[in-house]
Amino acid sequence: MGSLKLYQLLLGCKPAGRNTEQHDVLFAVGTCLKDLIPGILNFWPEADGRIHVDAWREVNFVEGFQIQIVEKESASGQAAEALFFLNLGGYKKDEFDELHYKMLLIGADKAEVIRKAKESAFFLHTGFAGAPSHIDDKYGVDVDDLFEIEDVLPSGVKEKYRILISASETVVKDEIHLGYLPLKNL
C-alpha cells in the first residue's frame, strides 16, 4: 500500500433539470485515484453516478511548502500555517460567462491568503467597472469561495488524519492532469 496523498479534483456532471454541465471541487485523501471513487459518489449524490473528473492533482507542494497526510495522533502541536482553497471569480468584457481561477495558498489565516490572492494576475486583470473580480463578501472582500482544506475534507478523513505543512527546499510544481476522465477509467 502506498502512502496517503491529498488530492484536489474538479468534478463535472449534468444533473437532471440543468442545461449545462456543473462543476465542483473535492479534496480527498487516498493512496491512488481509484481509492477516491466512493468519496466522489458520496460527495455529489445528485449526480446519480453520472459524474466524471475534469482535472486532478496530487497536492504535494504549495508555495515552497511540502504537503503530507499524517495520522492525527502522530502530528504534534498546532500548525502555524494552514492550506487554503480559494475560488476567484471574474469577468471579461463582452464574454457571457463568469471566469474562475482556483488557487491553493498557505497562510496563517484567511486575511493573509486574501491579501495574497488580491496580488494574483487573475484578480488584477479580470474584471472591469461594474463587474469586478471577486473572492466572497462574507470575508470582507469579494471572493467566490475560501476554505481551509482541513475543514472541507470528508468527516472520516478529518477524524483520522491531518495535513502536515513543512518548509521545503525542493521547488516542485504539482502536475495538473486535465481532460474528461470517467470514474470507470480511474
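Where does Q8 lie? Here are some friendly notes on that and a few other spots.

1. Q8 lies in strand 1. Strands here are DSSP runs of E with at least two residues, helices are runs of H or I with at least four residues, and both are numbered from the N terminus. A word on the model itself: it is predicted, with local features needing pLDDT of at least 70, side-chain atom pairs counting only at pLDDT 80 or more, and totals for chains, interfaces and linings using all residues. Residues are numbered from 1 along each chain as its sequence is written, and side-chain values use heavy atoms, with hydrogens and water left out.

2. Staying with Q8, this residue counts as buried because its relative accessibility is 12%. Buried means under 20% relative accessible area, exposed means over 50%, and partly exposed is in between (1.4 Å probe, protein chains only). Setting aside residues up to four places away in sequence, Q8 touches V25, L26, F27, A55, W56, R57, V59, F85 and L104. Contact here means heavy atoms within 4.5 Å.

3. On the whole chain: the protein has five helices and 12 strands. The radius of gyration, taken over C-alpha atoms, is compared with a globule rule of 2.2 Å times the number of residues to the power 0.38. With 186 residues, a compact globule would come out near 16 Å, and the protein has 17 Å, which agrees. Along the principal axes, the C-alpha trace spans about 50 × 40 × 30 Å.

4. Buried residues make up 41% of the 186 residues. Among contacts between residues at least 6 apart in sequence, 64% join residues at least 24 apart. The protein exposes about 10,900 Å², and carbon and sulfur atoms supply 49% of that; accessible areas come from the Shrake-Rupley method with a 1.4 Å probe, and for residues only the protein chains shown count as cover.

5. H52 counts as buried because its relative accessibility is 5%. The H52 side chain makes a polar contact with the side chain of E21 at 3.1 Å, and another with the side chain of D54, also at 3.1 Å. A polar contact is a pair of N or O atoms within 3.5 Å; within protein, one must be able to donate a hydrogen and the other to accept it, and residues adjacent in sequence count only if both atoms are side-chain atoms. Not counting residues up to four places away in sequence, H52 touches residues including L10, L11, Y180 and P182.

6. Turning to loops, P15 sits between strand 1 (5–13) and strand 2 (22–30). P15 is buried, because its relative accessibility is 13%. Beyond its neighbours within four places in sequence, P15 is in contact with Q22 and W44.

7. E46 is in the loop between helix 1 (37–43) and strand 3, and counts as exposed because its relative accessible area is 54%. The C-alpha atoms of E46 and A16, 30 residues apart along the chain, are separated by 8.2 Å.

8. Two backbone angles deserve a look. E63, in the loop between strand 4 (61–62) and strand 5 (65–71), has a positive phi near 50° in a residue other than glycine. D94, in the loop between strand 6 (82–90) and strand 7 (99–107), has a positive phi near 70°. E63 counts as partly exposed at 40% relative accessibility, and D94 is exposed at 79%.
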